[in-house]
Amino acid sequence: MKFLLFTMWDAAKTAEVAQAADKIGASPPPGAKMLASYVCQGILFPGVLLPQNTLVGVGIIEADTNEALAAASYPVVLAGASVWHVPVLELPVVGAAEVEKKYKG
């Protein structure tokens with residue numbers, strides 16, 4: 001299953017968070033695969049006040065199990081980041097209405 005991965009950390013912790021993320025990227029846990037990773041350079045959530053000097057990363061991760069998802073995130077949490085996983089439902093580029101009807105019942 002794919003997840004949007006939101007990671008927030010204080011700018012003072014960037015070295016620690018980056019080191020932990022590099023370790024995970026070099027040797028990901030079985031069942032987890034990082035598909036994309038971005039660091040926001042602007043206001044990610046308009047109207048939401050984040051503490052000053054907070055950096056936000058957004059990624060897309062594919063994980064087979066909750067354990068794989070946790071193993072991929074735990075090192076950056078220990079480094080001082082906050083992590084949220086949001087499950088993503090993939091929809092075809094064309095035919096989203098049919099998928100919506102299918103899941104609506």
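The questions and answers below go through a predicted model of one protein.

Me: How is this model numbered, and what pLDDT do local features need?
Reply: Residues count from 1 along each chain as its sequence is written, and side-chain values use heavy atoms, with hydrogens and water left out. Because this is a predicted model, side-chain atom pairs count only at pLDDT 80 or more, totals for chains, interfaces and linings use all residues, and local features need pLDDT of at least 70.

Me: In what order do the elements of the protein run?
Reply: The protein has 3 helices and 4 strands. Helices (H or I, at least four residues) and strands (E, at least two) are DSSP runs, numbered from the N terminus. From that end, the order is β-α-β-β-α-β-α.

Me: What share of the residues in the protein is buried?
Reply: The C-alpha trace spans about 50 × 40 × 20 Å along its principal axes. A residue is buried under 20% relative accessible area, exposed over 50% and partly exposed in between, with a 1.4 Å probe and protein chains only. Of the 105 residues, the buried share is 26%.

Me: Among contacts between residues at least 6 apart in sequence, what share joins residues at least 24 apart?
Reply: Contact means heavy atoms within 4.5 Å. Among the contacts asked about, the share that joins residues at least 24 apart is 80%.

Me: Which residues does valine 17 contact, leaving aside its neighbours within four places in sequence?
Reply: Nonpolar side chains tend to be buried together in soluble globular proteins. Val17 is one of the core residues that touch the most other members. Beyond its sequence neighbours within four places, valine 17 is in contact with Trp9, Val76, Ala79 and Ala81.

Me: Is threonine 7 buried or exposed?
Reply: Threonine 7 sits in strand S1. Not counting residues up to four places away in sequence, threonine 7 touches Leu55, Val56, Gly57, Ala81, Ser82 and Val83. Its relative accessible area is 11%, so threonine 7 is buried.

Me: What does lysine 2 count as at its relative accessibility?
Reply: Lysine 2 also has its place in strand S1. Residues up to four places away aside, lysine 2 touches Leu35, Ile61, Glu62, Val86, Pro87, Val88 and Glu90. Its relative accessibility is 22%, so lysine 2 counts as partly exposed.

Me: Is serine 73 buried or exposed?
Reply: Serine 73 belongs to helix H2. Apart from neighbours within four places in sequence, serine 73 is in contact with Leu5, Val83 and His85. The relative accessibility of serine 73 is 7%, so this residue counts as buried.

Me: What is the phi of asparagine 53?
Reply: Most residues other than glycine have a negative phi. Asparagine 53 lies in the loop between S2 and S3 and is exposed, with a relative accessible area of 51%. Although asparagine 53 is not a glycine, its phi is positive, about 65 degrees.

Me: How far is glycine 42 from valine 56 in space?
Reply: Glycine 42 lies in the loop between S2 and S3 and is exposed at 53% relative accessible area. Glycine 42 and valine 56 are 14 residues apart in sequence; from C-alpha to C-alpha the distance in space is 9.1 Å.

Me: How much space lies in the largest pocket?
Reply: On a 1 Å grid over the protein atoms alone, a pocket is an open set of points where a 1.4 Å probe fits, with protein on both sides within 12 Å along at least five of seven lines; lining residues have an atom within 4 Å of a point. Points are joined across faces, edges and corners, and a volume is the space filled by probe spheres set on them. For the largest pocket, this space is about 490 Å³.

Methods: A nonpolar core is a set of buried Ala, Val, Leu, Ile, Met, Phe, Trp, Tyr and Cys residues joined through side-chain atoms within 4.5 Å.
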